[in-house]
Number of protein chains: 2
Amino acid sequence: MFFINPMRVQVEEYINTLQNSIVLSLEQLDPSAPPFKRDAWVRPEGGSGRSCVFAIPLADDDSLPQPPTTILEKAGVNISIVHGILPPAAIKQMRADHTSMPLPDSPNGLPFFAAGLSLVIHPRNPHAPTVHANYRYFEITSQSSDTDADAAPKVLAWWFGGGSDLTPSYLYQEDASHFHKTLQSACESHGPQLYPTFKKWCDEYFYIPHRKETRGIGGIFFDDLNSGVHARLPDSQASTPRPRSPDEIFAFVRALGDAFVPSYIPILRIRAKVPHTQKERRWQLLRRGRYVEFNLVYDRGTKFGLMTPGARIESILMSLPETARWEYMSEMGTMEGTEEERLLSVLREPREWV
Amino acid sequence: MFFINPMRVQVEEYINTLQNSIVLSLEQLDPSAPPFKRDAWVRPEGGSGRSCVFAIPLADDDSLPQPPTTILEKAGVNISIVHGILPPAAIKQMRADHTSMPLPDSPNGLPFFAAGLSLVIHPRNPHAPTVHANYRYFEITSQSSDTDADAAPKVLAWWFGGGSDLTPSYLYQEDASHFHKTLQSACESHGPQLYPTFKKWCDEYFYIPHRKETRGIGGIFFDDLNSGVHARLPDSQASTPRPRSPDEIFAFVRALGDAFVPSYIPILRIRAKVPHTQKERRWQLLRRGRYVEFNLVYDRGTKFGLMTPGARIESILMSLPETARWEYMSEMGTMEGTEEERLLSVLREPREWV
């Protein structure tokens, strides 16, 4: 047992491998497109990361802009492994969502470690959905002792979080169903309550109150998953088993991470080839406007990132689409019987897809 | 004296006239463009408004999209006159910025009245700046007495607020100077401290912390202007006169409102004709992305509006540009000696323009 790596090392290895395999899958899908741009960075306050970004550089001259024909329009698959000191105010704030968080009674704050993969993929074709995913591990440790600097710091609190969700501009029931079923299968062997509970959480989280609609057709979302009581899961292990130990929860998160490619790439492969009209492109850009509204106004990760001094803004805002559009009182989506209205009706009332 | 209209009626008349004259000026500038769409609305909770919106409807078929040649891309000039009951929580929150606001000790809240004009103009040409302006009057009154329903309610607190600011994608010093000088002239006869104080306030307000830059080259911004002590103005009337009575402050706000057309239209007339490249258009769309970031993440009016149940979302988000663009780690603006970098250097360190 002595030689088993601590969880932080295991998570770091896993998200590294996952990043490579996701980027490779996307590159293999569209071999004539330029490769993702790999961009390693170091955080001066502690930690590092690697962004893998897809974007088509624009011609600088005034040659008639040839519309690019790549499958992807803009995509980012990022990992970051950062550590530092969490000030008492941040500890206090995080205790609202994380019941195992220690009391903010240490005047100098507490060391934290955070490792995660986060991705957003915006395809070009209006029939191909945008997807977002995130898998993360968080740890709070004791201040390292001065007398025994080599001793590993004690883990005071830890949790996993993550999920993935799909945002189509046009609704294909079979896509929504495939995406959700793949996630459900990944959850199944880890506990019967996981998929239904986290599916519901996803619908609640990715909601745009001022539009009275969800961002997309959902997926799963979870946070604060550790050995303790969880606010959204039944606590009796006998009646409804769930992953509880660090290893069990990590296995669950790996199952979800491994399910990402099979949940999304088959959809992208088919929908990227669907012929589309200018009008459908316009609707896609209006939907991208909603994506921007959700991310900038409500997304907790984005808001937290923008307020963190020294945060890497380019990584945080990488989730925004290449182009978004806003029309005053747009008529698109208002006419009953249209495909645009059919999508909206699903966003206004989340459905079961499996 | 008995027949002088109460301030709310005077303000309502003024913003009605101002809206007409601004929309007319814009329409006269580009006679071949479609007229603004006038759109009157009623707020079920009390009040009404009129949106005047400019947008080019897109062709629904797939005919090669002819790029429109209008001077404006998207513009809205809106007035709203609303009233209702401000709940104690809202009163409490507003007391932070409005020292004359009564204590939130009335369990049923207090009646309010708000009238204002607000406009955003996004021209098509990347050399023509976006402009935003807002002029508003707010009033809190006592609950009307049951015994004397005809008696005018007592005004417990009131203030004016407003301003206008310019957001160029390319810096023309003479434009910035003309815009600011016109505002300064409008302020001058009302008090020597008004322009310098409100110019500084504008630079502070329209700041995007996560980008470490201002939204544009500023203008003036003020709030909570009434007869009482003002947090940003010297209080000694002897040494530095300032508008103090309702009539004096209203005269100052009218001077600013009347200065809008001469401050902006001459700039738009010249810059709308400047030849431009695809690259300059790309930079304009990136700058529009920043505009969206400011409005959705920081603008108090937008945030307050989005959180208000029953608010008219289409009016609140009308300020967003037709199209915005985001690039990961864009090289535009990073190269010294370019026009893009020259703009950024001014946004990073606000300047005096008069």
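Which residue forms a salt bridge with A:E213? The partner is A:R287, and the closest N and O atoms of the two are 2.9 Å apart. A salt bridge here is a side-chain nitrogen of Lys or Arg within 4 Å of a carboxyl oxygen of Asp or Glu. A:E213 lies in strand 8 (residues 213-214) of chain A and A:R287 in helix 6 of chain A, so the pair ties together parts that are 74 residues apart in sequence. Over all chains, the structure holds 50 salt bridges.

This is a predicted model, in which local features need pLDDT of at least 70 and side-chain atom pairs count only at pLDDT 80 or more, while totals for chains, interfaces and linings use all residues. Residues are numbered from 1 along each chain as its sequence is written, chains are lettered from A and ligands numbered from 1 in the order in which they are written, and side-chain values use heavy atoms, with hydrogens and water left out. Helices (H or I, at least four residues) and strands (E, at least two) are DSSP runs, numbered from the N terminus.

Next come two helix pairs within chain A. Helix 1 (residues 7-29) of chain A and helix 5 (residues 246-271) of chain A have axes 11 Å apart and pack at an angle of about 5°. Axes are lines fitted to C-alpha atoms, for helices over the stretch in contact, and angles run from 0 to 180 degrees between N-to-C directions. The angle makes helix 1 of chain A roughly parallel to helix 5 of chain A; angles under 35 degrees count as roughly parallel, over 145 as roughly antiparallel, 65 to 115 as roughly perpendicular and the rest as oblique. By class, this contact (heavy atoms within 4.5 Å) has 14 nonpolar, three polar and four charged residues. Ala, Val, Leu, Ile, Met, Phe, Trp, Tyr, Cys and Pro count as nonpolar, Asp, Glu, Lys and Arg as charged, and the others, Gly among them, as polar.

The axes of helix 3 (residues 173-188) of chain A and helix 4 (residues 194-205) of chain A come within 9 Å and cross at roughly 135°. That makes helix 3 of chain A oblique to helix 4 of chain A.

The last part is the interface. Chain A and chain B each give 37 residues to the contact. Between them they bury about 3600 Å², 57% of it on carbon and sulfur atoms; buried area is the accessible area (1.4 Å probe) that two parts lose on being put together, summed over both. A:E314, A:W326 and A:Y328 supply 22% of the area that chain A buries against chain B, more than any other three residues. Four salt bridges are counted between chain A and chain B. In one salt bridge, the side chains of A:E322 and B:R325 meet at 3.5 Å, N to O.
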